[in-house]
Amino acid sequence: MRVTDIQSPKDIKSMNVRQLENLADQIRTFLIESIARTGGHLSSNLGVVELTLAMHYVFNAPKDKLIFDVGHQCYTHKILTGRAQMFPLLRQRNGLSGYQRMHESPYDCWEAGHSSTSLSAALGFATARDLLKQNYEVVALIGDGSLTGGMAMEALNDIGSKQKKLIIIFNDNNMSISRNHAGFEERITALRASKVYRSTKQGMKSNLKNNKMGQNVLKQVTKVKDHIKDGVIDAPLFREFNLDYIGPVDGHNLNELINVLETAKEHDGPIVVHVLTRKGKGYPYAEQDQTGKWHGVSPFDVKTGEPLMKLPYDHLTWSEVISRTLMRFAKKDKKLVVLTPAMAQGSKLLEFSKAYPDRFFDCGIAEQHTVTMAGAMALGGLHPFVSVYSTFLQRAYDQMNHDIGRMKLPVVIGIDRAGLVGQDGDTHQGVFDIAMLRSIPNLILSQPQDAAEAQNLLYTAFRSGKPFCIRYPRGNVKYEEVTDLQDIEIGSWTKTTVGTHPKSIVITYGPDVDHVIAKAKTNNMDLIVVNARFFKPVDGTMIDELYETGLPIHVFETDCRIGSLSTAILEYRNRVAPQFQTFGIDDHFVEQGSVRSLRIQEHIGLEDLFEELEQDV
Ligand SMILES: Cc1ncc(C[n+]2csc(CCOP(=O)(O)OP(=O)(O)O)c2C)c(N)n1
Ligand SMILES: CC(=O)[C@@H](O)[C@H](O)COP(=O)(O)O
Ligand SMILES: [Mg+2]
């Protein structure tokens with residue numbers, strides 16, 4: 001059977017192990033070729049091909065609930081549930097989502113994008129099932145990285161106490177995006193080496209190679225259950241949570257996987273199935289990767305592994321502009337430290353981590369902990385910089401409020417991937433941080449117009465002694481090192497007049513400042529373009545001046561408009577200008593798509609702005 005012919009998991013139910021193994025090989029080839037064309041989460045998906053086949057073989061989705069933590073590794077699940085033909089549009093507008101999405105398929109029973117939610121969801125489903133006297137299995141697959149998240153720990157604690165029947169598949173590849181940093185790593189290492197499951201299983205004469213499986217399994221299941229009850233299988237890490245454990249099993253051995261999942265299915269109460277997989281399995285570049293370069297990829301050449309798109313020679317990503325500047329500052333300032341909640345690769349901090357291993361802290365997928373820890377580091381006399389994606393900072397709202405803002409702690413927060421991020425879709429768009437953070441007293445919130453201003457803002461932030469956030473988008477920017485760094489007056493905006501008789505005012509921020517100026521020049525339009533580089537505090541003097549011109553004001557934003565810059569301006573003036581128009585994302589989540597297509601969809605493209613400007617002249 002060809003990968004693209006698979007209609008539903010029924011198609012694999014009558015296969016024998018050899019056929020399943022063949023299918024696994026085909027799926028791997030399909031994934032590599034397909035992701036090479038579209039981009040996507042390569043390594044995590046290559047690692048769970050056999051595991052997902054075994055899950056669909058043993059369980060009966062959609063009746064049984066299969067939950068994938070984060071969901072970035074659910075591509076084989078998509079293939080087995082009849083979606084292979086949609087892969088050419090993976091992560092594109094109106095195309096296949098890179099995550100589980102309920103509107104896409106009845107087999108997607110839950111949605112995520114942020115990590116560590118699967119165990120809470122599993123307990124929720126199991127509780128609903130039992131209260132409503134229904135009958136189905138609940139299975140959550142969670143990686144070793146996602147297990148470091150606070151939510152997962154909270155859920156483990158509750159699952160151990162409630163003792164509902166559910167299965168936690170612990171997908172252990174010893175990697176988060178890059179190497180996993182977990183305190184319980186020692187315990188896991190001990191478990192990885194444990195022979196318990198293997199020796200228990202050795203009695204199960206695996207003569208299933210070419211036959212339909214399952215005949216002998218039940219007898220063996222009873223044996224394994226007895227072992228679990230007798231406490232033969234002792235996994236202190238999970239025992240402490242009052243959870244039964246079985247494993248470790250080879251996550252690329254279908255025979256072993258099917259046996260262990262059948263066993264877990266028969267088990268009463270919660271059970272952890274420990275599966276060892278290899279991230280990137282089957283594609284040598286990805287298998288050897290220790291840095292996370294192959295975790296999420298843009299289109300690449302399968303043979304060479306080289307990306308198909310290259311940055312212009314004088315451009316850097318915004319993350320690189322920030323990390324290079326941090327490297328410069330760290331040379332002189334020995335107290336400068338950098339923290340990341342597991343995003344060293346995406347935030348371009350690996351070079352910093354090598355140059356200053358003692359001053360670099362990967363805290364795991366733990367945004368809340370990272371922010372609070374940085375706060376105490378500041379009180380302890382260090383100069384912390386926290387690098388965090390806008391969307392993941394949502395997890396740490398309370399810490400930003402309760403710890404950083406309230407105590408006025410001088411932590412510099414680099415908010416990466418601010419604004420629309422594109423293909424990751426609605427779970428990842430970084431469009432809420434302005435609204436989220438503007439309400440927190442004492443915080444400074446800024447965004448540079450270009451790479452030079454980014455360097456000056458970072459310089460200002462460290463010298464300010466205040467909680468200082470600098471947001472910057474996904475993508476790249478022309479870079480030149482600023483040798484003569486300048487303090488920027490906090491709360492000050494700048495303005496550029498294009499032409500001699502301006503007829504309108506555009507207030508905007510980030511890279512759009514230059515885009516609007518360039519387009520106004522091309523179109524021979526007379527405009528005042530304001531770089532609103534601080535969202536908090538805003539430049540009251542400049543706002544007053546702009547109002548006094550009597551010109552129509554257009555606030556051009558590409559983030560959630562509720563609570564955003566236009567709101568800040570209106571709050572300041574407490575009245576509406578004669579003509580005051582705002583642009584921004586309305587009160588809804590924005591689905592996936594290229595940033596360009598999403599801006600058109602949301603009426604926040606330059607074209608939309610200029611259409612309105614035409615009316616003013
Ligand atoms: C709250 C949150 N923080 C950060 C991320 C970014 N992220 C996505 S996958 C991932 C690593 C997950 O590691 P693991 O669970 O072990 O899965 P693997 O990729 O190894 O299969 C991270 C950090 C996220 N999705 N959600
Ligand atoms: C699954 C996840 O949350 C991350 O892998 C995310 O997709 C990374 O995004 P970037 O590609 O912008 O680093
Ligand atoms: Mg992992």
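Which residues are closest to ligand 1? They are Ser44, Ser115, Gly143, Gly145 and Ser146, and 21 residues surround the ligand in total. A residue counts as near a molecule if its C-beta atom, placed from the backbone, lies within 6 Å of it.

This is a predicted model, in which local features need pLDDT of at least 70 and side-chain atom pairs count only at pLDDT 80 or more, while totals for chains, interfaces and linings use all residues. Residues are numbered from 1 along each chain as its sequence is written, and chains are lettered from A and ligands numbered from 1 in the order in which they are written.

Start with the overall layout. The protein is divided into domain 1 (3-287), domain 2 (315-478) and domain 3 (494-616). These bounds come from an automatic or database domain assignment. The C-alpha centres of domain 1 and domain 2 lie 34 Å apart. Between them, 20 residues of domain 1 are in contact with 17 of domain 2; contact requires C-beta atoms, placed from the backbone, within 7 Å.

Now return to ligand 1. Its shell draws at least three residues from each of domain 1 and domain 2. Six of the shell residues are nonpolar, 12 are polar and three are charged.

Ser115 sits in the loop between helix 5 (75-83) and helix 6 (118-131). Helices (H or I, at least four residues) and strands (E, at least two) are DSSP runs, numbered from the N terminus. Ser115 is buried because 27 other C-beta atoms lie within 10 Å; the cut-off for buried is 20 or more, with exposed at 12 or fewer and partly exposed in between, using C-beta atoms placed from the backbone. Beyond neighbours within four places in sequence, Ser115 contacts Asp69, Val70, Ser146, Gly149 and Ile365.

Gly145 lies in the loop between strand 2 (138-143) and helix 7 (150-162). Gly145 has 30 C-beta neighbours inside 10 Å, so it is buried. Leaving aside neighbours within four places in sequence, its contacts include Ala342 and Ile365.

Ligand 2 is surrounded by Val70, His72, His295, Gly296, Gly346, Arg417, Val421, Asp424 and Arg474. That shell has two nonpolar, four polar and three charged residues.

Conventions: Nonpolar A, V, L, I, M, F, W, Y, C, P; charged D, E, K, R; others polar. Contact = placed C-beta atoms within 7 Å.
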